[in-house]
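Work through the exercises below with the sequence and the structure at hand. Try each task before you read its solution.

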Amino acid sequence: MIIRNFAAVMSILFIIIGAVLVLWGADRLTDGATALAQRMGIPQIVIGLTVVAMGTSMPEFFVSLMSAIQGTSDIAVGNVIGSNAFNTLAIVGVTALVAPMAISRNTVRKDMPFAVVASLALMLMCHDGDVSRIDAAILFAGFILFIAYTLRVASKGDAMAAEEIKLEDMPVWKALGLILVGLTCLVGGSHVFVGGASDVARSLGVPDAVIGLTIVALGTSLPELATSIVAAKKGRSAIAIGNVIGSNVFNILMILGITGLILPMDIQGITSVDLWLLVGSIFLLWMFCYTKFKVEKWEGAVLTIIYVAYVAWLVYKVI
């Protein structure tokens with residue numbers, strides 16, 4: 001019993017240590033890549049729409065990739081589905097409960113339709129129980145299309161505010177060092193995080209998919225949560241929700257696209273309820289703000305209640 005309890009404590013400790021390493025590593029990688037891009041003369045708006053935006057999705061990417069490599073594909077896909085549900089329902093919902101959230105026209109007209117289509121595509125692909133290389137190639141092609149369209153819109157001046165990106169005049173050696181340290185922490189931290197989560201799941205008899213949809217998803221969504229809270233506190237809720245929706249698109253198209261191209265994923269624990277929630281949540285948010293470009297407090301309450309009910313359903317399934 002003592003040995004079993006010790007093992008459980010160590011697994012939880014590994015989850016915490018892994019999450020800290022992943023989040024810290026993602027921050028260092030983003031800082032280094034941003035500074036290096038600036039040194040190379042890349043326009044600030046392009047840095048914001050690519051390097052910085054991808055930075056908040058790096059935890060999900062490395063955790064999903066390591067999960068697939070370690071043979072726990074349900075955690076890999078569950079991580080993306082759970083992260084997107086948490087982003088759309090919990091982060092937006094709770095923030096809107098505090099104060100109505102303004103949403104930029106660009107987010108409603110560009111990012112949300114991409115997020116809805118990407119979610120629908122993933123739902124259709126998951127119905128046969130796997131994400132094949134062909135599926136992954138389609139997702140990644142969608143990611144390239146999304147980036148190309150985003151940069152085209154940015155060139156016309158209808159994009160994210162460039163002043164939100166803090167650029168530091170950093171020596172090249174320091175930028176490269178941060179990138180190397182960040183990647184090392186992301187790879188090592190995600191390995192430890194997935195290992196700890198898998199051990200906890202097995203010891204408690206909890207399916208990998210449920211662990212991916214809850215603990216892993218929450219842990220890897222912390223950058224989006226932190227970014228949204230800071231932006232909301234500064235009265236810039238449009239940037240906060242833009243970050244959340246953009247991350248949802250990156251999670252499906254980039255993360256599962258690249259991961260599936262490297263290693264096709266068999267998924268057995270993801271249910272139709274999980275997939276319908278993925279599609280329904282982003283579509284509901286899109287409908288809420290389609291005409292008025294705002295999420296009201298009562299709408300935030302609806303989103304939050306749906307997420308709480310979903311988590312309760314997941315816990316009920318396990319019990």
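Predicted model: local features only at pLDDT ≥ 70, side-chain atom pairs only at ≥ 80, totals over all residues.

Residues are numbered from 1 along each chain as its sequence is written, and side-chain values use heavy atoms, with hydrogens and water left out.

**Exercise 1. The whole chain**

Task: State how many helices and strands the protein has, and what percentage of its residues count as buried.

Solution. Step 1: helices (H or I, at least four residues) and strands (E, at least two) are DSSP runs, numbered from the N terminus. The protein has 12 helices and 4 strands.
Step 1: buried means under 20% relative accessible area, exposed over 50%, and partly exposed in between, with a 1.4 Å probe and protein chains only. Of the 319 residues, 51% count as buried.
Step 2: contact means heavy atoms within 4.5 Å. Among contacts between residues at least 6 apart in sequence, 87% join residues at least 24 apart.

**Exercise 2. Helix 4 and helix 8**

Task: Describe how helix 4 packs against helix 8.

Solution. Step 1: two packed helices are described by the angle between their axes and the distance between the axes. Axes are lines fitted to C-alpha atoms, for helices over the stretch in contact, and angles run from 0 to 180 degrees between N-to-C directions.
Step 1: the axes of helix 4 (residues 73-98) and helix 8 (residues 208-220) come within 7 Å and cross at roughly 50°. Helix 4 is therefore oblique to helix 8. The cut-offs are under 35 degrees for roughly parallel, over 145 for roughly antiparallel, 65 to 115 for roughly perpendicular, and oblique for the rest.
Step 2: the crossing of helix 4 and helix 8 is right-handed. A crossing is left-handed if the near helix is turned anticlockwise from the far one by less than a right angle, and right-handed if clockwise.
Step 3: residues in the contact include Gly78, Gly82 and Phe86 of helix 4 and Gly212, Leu213 and Val216 of helix 8. By class, the contact of helix 4 with helix 8 has 8 nonpolar, 6 polar and 2 charged residues. Here Ala, Val, Leu, Ile, Met, Phe, Trp, Tyr, Cys and Pro count as nonpolar, Asp, Glu, Lys and Arg as charged, and the others, Gly among them, as polar.

**Exercise 3. Helix 5 and helix 11**

Task: Repeat the description for helix 5 and helix 11.

Solution. Step 1: helix 5 (residues 105-126) and helix 11 pack at an angle of about 160°, with their axes 9 Å apart. This makes helix 5 roughly antiparallel to helix 11.
Step 1: helix 5 passes helix 11 in a left-handed crossing.
Step 2: among the residues in contact are Met112, Val116 and Met123 of helix 5 and Trp276, Ile282 and Trp286 of helix 11. The contact of helix 5 with helix 11 has 18 nonpolar, 1 polar and no charged residues.

**Exercise 4. Aromatic pairs**

Task: Classify the pair Phe143 and Phe250 and the pair Tyr310 and Trp313.

Solution. Step 1: rings of Phe, Tyr and Trp (its six-membered ring) pair if their centres lie within 6.5 Å; planes under 30 degrees apart count as stacked, over 60 as edge-to-face and the rest as tilted. A search of the whole structure finds 11 aromatic pairs.
Step 1: the ring centres of Phe143 and Phe250 are 5.4 Å apart and the planes are at 80°, so this pair is edge-to-face. Phe143 is in helix 6 (residues 133-155) and Phe250 in helix 10 (residues 237-262), 107 residues apart. Phe143 is buried at 5% relative accessible area, and Phe250 is buried at 2%.
Step 2: the ring centres of Tyr310 and Trp313 are 6.4 Å apart with planes at 25°, so this pair is stacked. Tyr310 is buried at 5% relative accessibility, whereas Trp313 is partly exposed at 29%.

**Exercise 5. Two single residues**

Task: Say where Phe193 and Phe293 lie, and whether each is buried or exposed.

Solution. Step 1: Phe193 lies in helix 7 (residues 172-204) and is buried, at 2% relative accessibility.
Step 1: Phe293 is in the loop between helix 11 (272-289) and strand 4 (294-295), and is buried at 16% relative accessible area. Its phi is near 55°, a positive value in a residue other than glycine.
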